[in-house]
Amino acid sequence: MRSLFVAFGVIALLIGVVWTLQGADVLLGSFMSGSPLWLTAGVVLVVLGAAVVFLGARTPGAKKAA
């Protein structure tokens, strides 16, 4: 379960980075390029993705019986 949270957070983080770069007009060729809406959405998704990765990595895994 822990690795699922980390994987989901990494995917959200990467999508957020792409949206941020498109909103900042760094990645061109999309309707999202140069749009403040996508810049804001990307930054929010980067923060949420980083939080999910942090919490997922910090949460202890299941205890194994010896």
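Trainee: Let's start with tryptophan 19: buried, partly exposed or exposed?

Mentor: Tryptophan 19 is partly exposed, because its relative accessible area is 27%. Here buried means under 20% relative accessible area, exposed means over 50%, and partly exposed lies in between, with a 1.4 Å probe and protein chains only. Before we go on, this is a predicted model, where local features need pLDDT of at least 70, side-chain atom pairs count only at pLDDT 80 or more, and totals for chains, interfaces and linings use all residues. Residues are numbered from 1 along each chain as its sequence is written, and side-chain values use heavy atoms, leaving out hydrogens and water.

Trainee: Thanks! How many aromatic pairs are there in the whole structure?

Mentor: A search of the whole structure gives two aromatic pairs. In one, tryptophan 19 and tryptophan 38 sit edge-to-face, 5.1 Å centre to centre with 70° between the planes. That pair links distant parts of the chain, since tryptophan 19 is in helix H1 and tryptophan 38 is in helix H2, 19 residues apart. Phenylalanine 31 and tryptophan 38 also form an edge-to-face pair, at 6.2 Å centre to centre and 85° between the planes.

Trainee: What makes rings count as a pair?

Mentor: Rings of Phe, Tyr and Trp (its six-membered ring) pair if their centres lie within 6.5 Å; planes under 30 degrees apart are stacked, over 60 edge-to-face, and the rest tilted. Here the ring pairs join Trp19, Phe31 and Trp38 into a cluster.

Trainee: And phenylalanine 31, is that buried or exposed?

Mentor: Phenylalanine 31 counts as exposed because its relative accessibility is 69%.

Trainee: New topic: how many residues does helix H2 have?

Mentor: H2 covers residues 36-58, so 23 residues, and reaches 33 Å from its first C-alpha to its last. That is close to the 33 Å expected at 1.5 Å a residue; the expected span is 1.5 Å times one less than the number of residues. Helices here are DSSP runs (H or I, at least four residues), as are strands (E, at least two), numbered from the N terminus.

Trainee: Which glycines are buried in H2?

Mentor: Gly42, Gly49 and Gly56 are buried there. The cover over the buried residues of H2 includes helix H1 (2-23).

Trainee: What does threonine 20 touch?

Mentor: Threonine 20, in helix H1, touches Trp38, Leu39, Gly42, Val43 and Val46, not counting residues up to four places away in sequence. Contact means heavy atoms within 4.5 Å. Threonine 20 is buried because its relative accessible area is 18%. The C-alpha atoms of threonine 20 and threonine 40 are separated by 7.2 Å, though the two are 20 residues apart along the chain.

Trainee: What about glutamine 22, buried or exposed?

Mentor: Glutamine 22 counts as buried because its relative accessibility is 13%. Glutamine 22 is in helix H1 and touches Leu27, Ser30, Met32, Ser33, Gly34 and Ser35, again not counting residues up to four places away in sequence.

Trainee: Last one: where is aspartate 25?

Mentor: Aspartate 25 is in the loop between H1 and H2. Aspartate 25 has a positive phi of about 70° although it is not a glycine. This residue counts as partly exposed because its relative accessibility is 43%.
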